[in-house]
Amino acid sequence: MTEQRDVTEQPDVAGQRDVTGQPGEGRQDVIGRAWDALVAAARRTVADGLVVGTSGNVSVRVGATILVTPSGVPYDRLGPGDAVGVDTDGNRLFGDLAPTSELPMHLAVYRTTDAGAVVHTHAVHATAVSTLVPELPPIHYMAAALGGPVRVARYAPYGSDELAEHMLRALRERTGCLLQNHGTLTYGTTLDQAYDRTAQLEWMCRLWLTASAIPGHAPTLLSPGQLREAEDRLRGYGQR
């Protein structure tokens with residue numbers, strides 16, 4: 001890795017200090033810790049059945065550096081020396097492995113939002129829904145946690161700038177979207193939050209598919225007002 005100044009001295013894009021850094025911690029230590037967390041999340045996507053093989057990808061922002069999973073490498077083979085870092089223009093900062101082929105999507109999110117992490121999967125139920133409707137029907141109030149009913153981004157070849165553009169349109173005022181005939185993308189201020197949104201999205205897709213499969217019945221859906229109420233309640237959810 002190239003030697004750079006301590007990450008705790010670098011403001012993030014939201015104008016706050018990078019929460020990854022700890023007092024007295026050098027940049028390489030911060031990068032190493034963030035990389036370990038990224039690899040653990042990538043392995044979890046496989047364990048949770050959200051991806052198969054080397055499909056899907058994960059990234060984390062550390063100051064001005066974007067850590068990304070490499071292209072075509074099984075996650076269980078990744079170690080500390082395999083870290084790949086780029087800037088928001090995609091220029092390689094360190095690492096010998098080629099970054100994920102979906103780098104344009106990840107960078108588009110970081111350039112246009114305050115994302116701290118991005119998770120992209122090929123989750124089965126979510127991908128199935130992406131082939132059926134232009135928007136996931138509001139089957140559950142957790143849609144409010146992603147900003148509202150989740151849209152489907154129009155299909156484009158993987159790794160293309162065109163796909164990144166379609167994704168950004170689907171992400172307007174949302175923190176997650178479906179990618180037509182492809183998968184999911186979610187982001188959050190932290191890696192845990194981005195991952196949780198991915199898991200919730202896959203669960204809602206599975207729920208809608210299950211309810212819709214009952215002959216002679218159609219699932220009840222939530223109104224915009226009910227989703228707004230849920231969003232207000234979710235703001236105060238959990239521990240302070």
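Guide: A crossing of two helices is left-handed if the near helix is turned anticlockwise from the far one by less than a right angle, and right-handed if clockwise. This is a predicted model, where local features need pLDDT of at least 70, side-chain atom pairs count only at pLDDT 80 or more, and totals for chains, interfaces and linings use all residues. Residues are numbered from 1 along each chain as its sequence is written, and side-chain values use heavy atoms, leaving out hydrogens and water.

Visitor: Which hand does the crossing of α2 and α4 have?

Guide: It is right-handed. Helices (H or I, at least four residues) and strands (E, at least two) are DSSP runs, numbered from the N terminus.

Visitor: At what angle do helix α2 and helix α4 pack?

Guide: Axes are lines fitted to C-alpha atoms, for helices over the stretch in contact, and angles run from 0 to 180 degrees between N-to-C directions. Here α2 (residues 103-112) and α4 (residues 161-171) pack at about 40°, their axes 8 Å apart. That makes α2 oblique to α4 (under 35 degrees is roughly parallel, over 145 roughly antiparallel, 65 to 115 roughly perpendicular, and the rest oblique).

Visitor: Which residues of α2 and α4 make the contact?

Guide: Contact means heavy atoms within 4.5 Å. From α2 come P104, M105, A108, V109 and T112, and from α4 D161, L163, A164, M167, L168 and L171.

Visitor: How do the strands line up in the sheet?

Guide: Two strands pair if DSSP finds at least two bridges between them. In this model, 8 strands form an open, mixed sheet ordered β4-β3-β2-β1-β5-β8-β7-β6. β4 (92-94) and β6 (152-153) stand at the edges with a single partner strand each, so one side of each lacks a neighbour in the sheet.
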